[in-house]
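This briefing concerns a predicted model. Please view the sequence and structure below before reading the notes.

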Amino acid sequence: GAEMIFREFQVNTVFRPTIFSSINEQDKLRMLSSDSFTSNTQIWSDVVDAMYEEPNCEILFSNIEIKIIESEYEIEFLSPKLDSKFKNVNSYSPFIKITYKSKSILLTGDSTEESEMSALDNLSKVDILNVGHHGSKTSTSQKFLDKTMPTYATISCNSEDGNNFGHPHQEVLNRLLKIMPEKNIYRTDINGNIITTISKSGEIG
């Protein structure tokens, strides 16, 4: 799980969702409001513990006001709003846009159609889309693709022997194939590790 990252690396900043552990006493004290979204899983409680035990680590809540501007790149959170309320825990996954040499990559995590609709006004065309929720049919809606119109798509999904959910779903692949050739869709179950490079001249490789 994510707590492994804290064991292996020194983490200086964490952008966490506004999901609070209902079984973690220290996280209960940090709830933004009485109706904050809560999770009762041990996995999330362990991640929360790892976050707050990490020395000298700044912990921020993901929200659309976050924008990191450096000399050569920008990182911008396009969702969610700090006070967003969703029915599905996966909808709290942020949309993060990375721009380098005029090329853009959109990271979507486990986002759902619910979160796509809430972020629709903030979305625009991107060059590379990291497809939401491993290619599940619960995300990457047609309206979302109409706004983002990616040239390339990457999908993180297991090989058949370890993929009990059938990701990526054919419905999502069909929607992607309407806007790009099959050779522009990269899948970890077929292609293995996917490394995206953007040259100093802005060429995608």
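- Because arginine 16 belongs to strand β1 and aspartate 27 to helix α2, the pair ties together parts that are eleven residues apart in sequence. Both arginine 16 and aspartate 27 are buried.
- Lysine 67 is partly exposed at 43% relative accessible area, and glutamate 74 is partly exposed at 29%.
- Arginine 187 counts as buried at 18% relative accessibility, whereas aspartate 189, at 25%, counts as partly exposed.

**Helix α3**

- Helix α3 covers residues 42-53, and its end C-alpha atoms are 16 Å apart. This agrees with the 16 Å that its twelve residues should span at 1.5 Å a residue.
- Trp44, Ser45, Val47, Val48, Ala50 and Met51 are buried in α3. The cover over the buried residues of α3 includes helices α1 (3-8) and α2 (25-28), together with strands β1 (13-16), β2 (19-21), β3 (37-39) and β4 (58-61).

**Serine 91**

- Serine 91 sits in the loop between β6 (73-79) and β7 (95-100). Serine 91 counts as buried because its relative accessibility is 1%.
- Leaving aside residues up to four places away in sequence, serine 91 touches Phe86, Thr112, Glu114 and Ser115. With threonine 112, serine 91 makes a polar contact between side chains at 2.5 Å.

Conventions. Residues are numbered from 1 along each chain as its sequence is written. This is a predicted model: local features need pLDDT of at least 70, side-chain atom pairs count only at pLDDT 80 or more; totals for chains, interfaces and linings use all residues. Side-chain values use heavy atoms; hydrogens and water are left out. Helices (H or I, at least four residues) and strands (E, at least two) are DSSP runs, numbered from the N terminus. Buried means under 20% relative accessible area, exposed over 50%, partly exposed in between (1.4 Å probe, protein chains only). A polar contact is a pair of N or O atoms within 3.5 Å; within protein, one must be able to donate a hydrogen and the other to accept it, and residues adjacent in sequence count only if both atoms are side-chain atoms. Contact means heavy atoms within 4.5 Å. The expected span of a helix is 1.5 Å times one less than its number of residues.
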